[in-house]
Each structure stands twice: as C-alpha cells, then as structure tokens.
Amino acid sequence: MAGMDGAAAEVANAELLAALAGRPLVVVDRYSTALRAGYTGPMPVEALRPALGIGCYSAWEPALPGMVVAAEEHTGSRSVPERRGWLRRVRHDAARHLVKLDRPPVIATCHAGAELQELAGAGGTVAAIDAGVRATIEARHLFDDLLRAAGVPAVARIRCVPFERLPSLAELRRAVGSERVVVQAGGVSGGRGTVIVSGDDDMARAARLLGPYRVAAYVDGWPCAVTVLSVPDGAGGVGVYVDRPAHETTGVAELGAGPLRGAGHDWSRPWPVPAAALLIECAERIALWGWRRYGVAGLFGLRGLLTPGERVYLSAIRWRCDESTEVSAVNQQAIGVPPFVAAHLVVMLGGRVSWLADPQEFNHVSLLRATQRGGPFCMRVRLRGPSSVRVAAGQGPGVYRLDRDDHPRWVRRAAHPSDARADQGEFLLAGLPAADVVCHPGADLATIEAVTDGATRPFHGPAAASPFTRRVSAAVERLFTPG
C-alpha cells in the first residue's frame, strides 16, 4: 500500500459521481475549500471539487470551487464574532447562488441542522448524520456510558462522574479521586466547554457553564486525536478504517516574537506501539457500537490523552468531519487510498464504496505508520492581539520558503499539504486573507501545513512549538502590518 493508486482514485471518483446522481456538490464550511485535499494534490478525486463553496474565508487557485460565497468578501474583515456567525451573514447571498444550480444540491458539511436543511431547499440533501443523534453521541455527560456500552477497555477510560448540577469542589474531588478535576459542559463542543479546576476561581468559571456536566479526574498527557471511517459492508455490518493518530497541540503561545497563538495536529511524531494499538481498538469498538445502536456510519473523530507513561485515555468524541480531516487525508493518499471524505460522502448518500482495502489490513498499516517518523502536520495561526492587522506582503495562499534571514519567500501556487516539504524549509500557507481584509484580535490568519520525512519536528510538547514552527510563525507575522 505505497504510493497513490490512480485506479483507486478513478473508482472513487466514479462511485462518488454515481452517488451524487447528477446533483451539484456544495460545501458549507468555515473554509470554502474544505475538501481541497481530495481534489488537489496526488491523484485528485475531481468529483470532490464543489460546484459552490459557501464559507467564512475565500478560496484560492488551485483550490477554487466552481463558485464561491465567502463572508469576508462582504465584510472585509475577520473576527471572532464573524468566525462564529458567518453563515447568517452569507445566507441570503448563498441562497441566490443555490437557485442558479440546475438541480437540488448535496451539501457537504461538518454537521446537519435546520439552518442547513433550509439552505438546501426542497429536494436538497445535507450529507451528515441526524443532528439529534449526533448531539446524543457527543454529549459530554453521557461519554462514559457510551464507552462502556461500546466495550472500550477500562484502561482507556478516565474516572468520571456525571452531574446535573455542580456540587462543591470538595465533593467533586472525592467523586473522581483527584485534586485537580476537569469540568465539561454536556452540550458545548471545543475548549470553550471545558474548565480545569484547581481552586475556587476555576470553580466559579466552571459554574458559568450550562449543564449537565461531566466531571473527570485530571490526567496529565499530550492531547491526541484520530480520524475514523466506518463503511456499511452490505451484509448488515460495517468495515472500520482508522487513520494513523495525531498528537494535538492547543494554545501554542510562543509561536514567534509577536502576538500570535496557534493550535495544530502532528501526524509525523512516532507513537508507542501499545498506546496506538489501544487507540485503534477503541475506535473500532466505538464505530461498531454507533452502527449497532444508531445505524450511523461515515467519518468521526476520537480525542484522547497520551500520558508521559505511554498510556492512552479517551476524552471526547466528535461524530462529524472536523478541521483536522483536511490534512489527515494526506495519510490516506500516502498509502494509495483516496481521502476518507470521499467515502464519507458516498456513505451519507447511501452509495457503494468498493475502493477500500480490507479494514484489518488498513488498520495494521496505520499502526505501523504511527510508530514511524514522518508525515503531515498543520497549525492554525490566530491573532492574539491587541491590534488589528492586514496582509502587506506575499502573494496570497501558497507555498513559501524561509530565506537565510528567515523571511518568507513565495515559491508557487498550491493548495495541498504535500506540496510543501518542511525538510526543505517549505510550508503551505492556506487560507491567508486578501490584502483588503482587516483581521481583528482572535481572528484566523492562516493555516500552516506541510509534510516532513521526520527531520522537522513541528512541536516539542502539547503547548510548545519547535524552533522550526516558531521561525515559520515569525515569518508569517512579517506578512502582516497594523490594520
């Protein structure tokens, strides 16, 4: 399974076209180029290129969908409120573009909802699992029950207790047996729903979260993530394909000399065999449980913690495509498999997927690759503040290289992570704003993406960027000027 298989890409393209049945593919995502790793780069699946991209950020060559509606092109700015509310801003303009399509669309998106179904219109299809089922599977306070029901081994479960209302800190400590506790809100995704509680001030912040709650013992570890794909096998079951796991970084504050922060995923860092094997086993069990219990298949993400003692604990599930899915596709392409997202869309549309290998063989290869050095990585760079900025240099998104003075030098247009070889000093800046867009504190500035053979280490710890990453982020900062 080495090198991209052109025949497999052709089959994937044909089967996705068959599942679409002539309907236009529309992506609705913060990134209007959210499927780009599938339709650019090695052996592209051209059917993944959307007829229309609807998002917060603009697209660029060679990742352009047929048409694009981007919020920043109307507002001329990036900010935290716009990142969270962009769909409302573009809804009317998007609707005008959707009516120009000759058939009702298939909407590719992270998760379904009434707003998206309304946008899809009569006869349109939102290619995602039912919103109610997703909310139940992802509910924080039900997570431990899910793990037990799925048969996840106890060694991978963190001691935790669900609460409808938060009791005193002393009672929380007694309940989970640790001095520091982690309080998570049941219905909130991402870091905004999590508070690590060490004392009364933290407890006050936790109390502001809306319950119900999951309260867990604090585990010191490196956050990790793995992308999982389950595909109905036509005989009443599912085949489960588990990508190689990633180390996940959060809040990398010391990026450069200036006011930048970031978070990212690194698939290039080797894993200890027992921990990677346990994570893959847990992913398989959860995928089988989801199919048996709810009849759900397709893509989902599993989050966990890898401890200094090389144990792995599960911490959350996201039954949806997420931002890491884009770059994780490089792992599949590197072993000759079209991106998981192509199979995910076919599954969501009730089609047939025949291009995947035997699941056990695939997962064995994932385990082997997880223990080796080298692979893709990515890091989202955000403006920490205090002032607004805009792009003043560079030539937009594409591959850049550091020169002798660590200045970013434009190399070529590109949109695929494997187009940038980090070991040669290259990096892809994806999603870089246009020169007339003002970026306010907290705004996304770009995503740094590249592939390394193992000579480049992007991160030294869960909140520690490597010297290479700090140099790159400092170079990115040089592209901006006060706005």
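Predicted model: local features only at pLDDT ≥ 70, side-chain atom pairs only at ≥ 80, totals over all residues.
Figure 1. Strand β19 covers residues 398-402, and four of its five residues are buried, so the strand is largely enclosed by the rest of the structure.

**Figure 2. The hairpin formed by β19 and β20.** Strand β20 (residues 408-412) is joined to β19 by four bridges, and the two run antiparallel. Within this pairing, R401 stands opposite R409 of β20. The two strands form a hairpin in which five residues lie between them. In the turn, D406 has a positive phi of about 65 degrees. In general, most residues other than glycine have a negative phi.

Figure 3. The buried residues shown in α9 are D202, M203 and A206. Viewed down the axis of α9, the buried residues fall within an arc of 100 degrees, so they line one face of the helix. These buried residues pack against α8 (169-176), β8 (181-185), β9 (194-197) and β10. D200 and D201, by contrast, are exposed and sit on the face of α9 turned away from its buried side.

**Figure 4. The cis peptide bond between G211 and P212.** G211 and P212 are joined by a cis peptide bond, for which omega is about 0 degrees. P212 belongs to the loop between α9 (200-207) and β10 (213-217).

**Figure 5. The cis peptide bond between E61 and P62.** The peptide bond that leads from E61 to P62 is cis, and its omega is near 5 degrees. P62 is located in the loop between β2 (52-55) and β3 (67-70). As a general rule, most peptide bonds are trans.

**Figure 6. Positive phi values at A21 and M43.** Neither residue in this view is glycine, and each has a positive phi: near 50 degrees for A21 and near 45 degrees for M43. A21 lies in the loop between α1 (6-20) and β1 (25-28). With a relative accessibility of 44%, A21 counts as partly exposed. M43 is found in the loop that runs between α2 (36-39) and β2. M43 is partly exposed as well, its relative accessible area being 41%.

**Figure 7. The second largest pocket and its lining.** The volume of the second largest pocket is about 190 Å³. It is lined by 17 residues, of which A334, R369, G375, P376 and V451 are the closest to its centre. Two or more lining residues come from each of the elements α11 (325-334), β17 (375-383) and β23 (444-452). Among the contributing elements, α11 gives the most to the lining, with four residues. Sorted by class, the lining holds eight polar, five nonpolar and four charged residues. In general terms, a probe the size of a water molecule, rolled over the atoms, shows where empty space is left.

Definitions and conventions:
Residues numbered from 1 in each chain as written. Heavy atoms only, no water. Buried < 20%, exposed > 50% of the residue type's maximum accessible area, 1.4 Å probe, protein only. Arc of directions from axis to C-beta. Contact = heavy atoms within 4.5 Å. 1 Å grid on protein atoms, 1.4 Å probe; cavity = no way out; pocket = protein on both sides within 12 Å on 5 of 7 lines; lining within 4 Å. Points joined across faces, edges and corners; volume = space filled by probe spheres on them. Nonpolar A, V, L, I, M, F, W, Y, C, P; charged D, E, K, R; others polar. Pairing = 2+ DSSP bridges.
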